Amino acid sequence: MRDLERARERMVETHIAGRGVRDRALLDAMRTVPRERFVDAGMAEFAYEDSPLPIGAGQTISQPYIVALMIEAGGIAAGDRVLEVGAGSGYAAAVMSRIAGHVHAIERHASLAEAAQRRFDALGYDNIELRTGDGSRGWPEAAPFDAILVAAGAPEPPRALREQLTTGGRLVVPVGDDEYGQRLRRITRVGEDDYDEEDLGGVRFVPLIGEQGWAEDGSRAASNHSAGHACGRSLPQLIAEAAEPLPAPDAPAFSAAFDRFADCRVVLLGECSHGTSEFYRARDAITRHLIAHHGFRFVAVEADWPDAVAVNRHVRHLPQPADAEPVFRRFPTWMWRNAEVAALVDWLRTHNRGRDAARQAGFYGLDIYNMSASIAAVLAYLDEVDPEAAAIARERYGCLTPWQNDPATYGRAVLREGHRKCEQAVVRQCRDLLESRLRYAAADGERFLDAAQSARLVASAERYYRVMYYGGAESWNLRDTHMFETLEHLLHAHGDGAKAVVWAHNSHIGDARHTEMGAARDELNIGQLCRERFGGAAALIGFGTHAGSVAAADDWGGDMQVKRVRPSRRDSVERLCHDAGVPRCLLDLRAGRHEALRRGLLPPRLERFIGVIYRPESELQSHYAQVSLPQQFDAYVWFDETSAVTPLGPQHPAPGAPETFPFGV
């Protein structure tokens, strides 16, 4: 219990007060209300993370900062009468009840309302009145209200709620019905028919379903109808109409379907899991086609830079260091040491044979994790070209050396004053190496690219392993920003007009602004950054599946297992695609292609994310998040049933798979 109390205090200080909330009564209320009582028992340990959590019925408990932001925006004070629309778990109503005189709350789902009432009763919060109903119509018999807070997104501020404000009352509501997402608005009633309105910034909420909100099928309710309504057709029917059936990935017609993205500067290919064969085979086919027929210069993958450099040298027929070792031996080995990736590597090596350097296709890693190997790459390069600089670099990197094999522990060590100089040292080393570019590049441009990027990686990794100790969005944002900057450096190194293919998880390549990541947790990703940098010249393509098998572990560092993928949830994007009845297809989600489908898919729905860890027993809590699919991706590749990758290596014997460099000796 004391641990939870300390976590609650940290939440208030770090995520609420630390982000600018100043209302003392609100801060005290959030210190008082036990958020762990408002989440499922299995999620109690996450109660004080600054993130939303599932609560059933396809709904979530909002992240603590958003709760605080809305309550402060509502200006709730002692003695106020408050209405909350979308009570959910009851947490926000509970917080407001510690400030206001009386709270009225409405919840559409009876099961959630009943659970919330039990929590209020158990905690003795007797100034909350809760009922089940259509919150978009408000609570006329209890009006007027000093403040109304709406925890769901509406196409426009419901008229009924505006009219139930007292003069001077505040309505705080997320509003938005187009591809730019919702904006949090504060509407203050200043007269009988006069209202002032303020924009408080971008947010992402589940849709407000009701008479003055959205209809169940994702269109506006009948009283607020607009263009783009599905004309009675269900979303699975609209998906079936828009779906472009695909053959198997090894058929030429499969990759030809992606010619529509040939003029893009960057084509980002996702995956909803790191261990699914069909996703790798599909990305392999698309990548080969874009390189062979449309002049794409390289593929950049969500993998460690030093390991990928060894693969790059292999596929480009460049000499390897005498002490070169097999690559991708760090957990999760199967993510890149698999037969599917080996097939692409073999093709790249064959494709590059006999071509001059300017016409060869490269293979690079974007990720930040392998700090130890990156330091070694910088030092080995400097030992050859500038021994004096190498000696200085060794002194600078010395402060990191004790934690190279377990860099996450650096987060603890850096708290001591003696370790704070590391960031400055590695940044200075990176700067010095880059300033020497003209002199070094004249000797060996390819080696310089490797060493320069490794120096950047060490600088980023030092910060990454420091901030990851504190948790939150900063470590994720640093990692994805590093991956994006690496991509930019590679594009620049390959010359004007160079085009690239990126392989990464859906969580990295789908635009974070239109998912729970960005809207609720302030996280960005490489897909968002590419859209902001390249606009329509970046194609974000997601991949999904309904069921099958996957290669994954139970915990980080654990053994790989072939696990069964549970059939997708009924309230998920994947179930809509499954119900469409097309076993393998491409959905073009760009504006102007299938407008009725795009509009139907705009409201947030659950989407499955499986990384290298898969825990079917807690799938909803561990692997689902809210997304707006047509804003997250430009296209979506669907495989109804999928299978696990074929791993390589002595711990994963694969009959007939060659154990040759770079994957084996």
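Me: Which residues does valine 582 touch, not counting residues up to four places away in sequence?
Reply: Keep in mind that this is a predicted model. Valine 582 sits in the loop between helix 22 (573-580) and strand 17 (584-588). Leaving out residues up to four places away in sequence, what valine 582 touches is Ala240, Ala243 and Trp638.

Me: Does valine 582 count as buried or exposed?
Reply: The cut-off for buried is under 20% relative accessible area. Valine 582 has 15% relative accessibility, so it counts as buried.

Me: How far apart are the C-alpha atoms of valine 582 and proline 236?
Reply: Along the chain, valine 582 and proline 236 are 346 residues apart.

Me: How is helix 9 oriented relative to helix 11: roughly parallel or roughly perpendicular?
Reply: The axes of helix 9 (residues 277-294) and helix 11 (residues 339-352) come within 9 Å and cross at roughly 15 degrees. Angles under 35 degrees count as roughly parallel. Therefore helix 9 is, relative to helix 11, roughly parallel.

Me: And what about helix 1 against helix 3, roughly parallel or roughly perpendicular?
Reply: Helix 1 (residues 2-16) and helix 3 (residues 64-73) pack with axes 10 Å apart, at an angle of about 65 degrees. The range 65 to 115 counts as roughly perpendicular. So helix 1 is, relative to helix 3, roughly perpendicular.

Me: Which residues of helix 3 make that contact?
Reply: On the helix 1 side, the contact uses Met11, His15 and Ile16. Helix 3 contributes Pro64, Tyr65 and Ala68.

Definitions and conventions:
Residues are numbered from 1 along each chain as its sequence is written. This is a predicted model: local features need pLDDT of at least 70, side-chain atom pairs count only at pLDDT 80 or more; totals for chains, interfaces and linings use all residues. Side-chain values use heavy atoms; hydrogens and water are left out. Axes are lines fitted to C-alpha atoms, for helices over the stretch in contact, and angles run from 0 to 180 degrees between N-to-C directions. Helices (H or I, at least four residues) and strands (E, at least two) are DSSP runs, numbered from the N terminus. Angles under 35 degrees count as roughly parallel, over 145 as roughly antiparallel, 65 to 115 as roughly perpendicular and the rest as oblique. Buried means under 20% relative accessible area, exposed over 50%, partly exposed in between (1.4 Å probe, protein chains only). Contact means heavy atoms within 4.5 Å.
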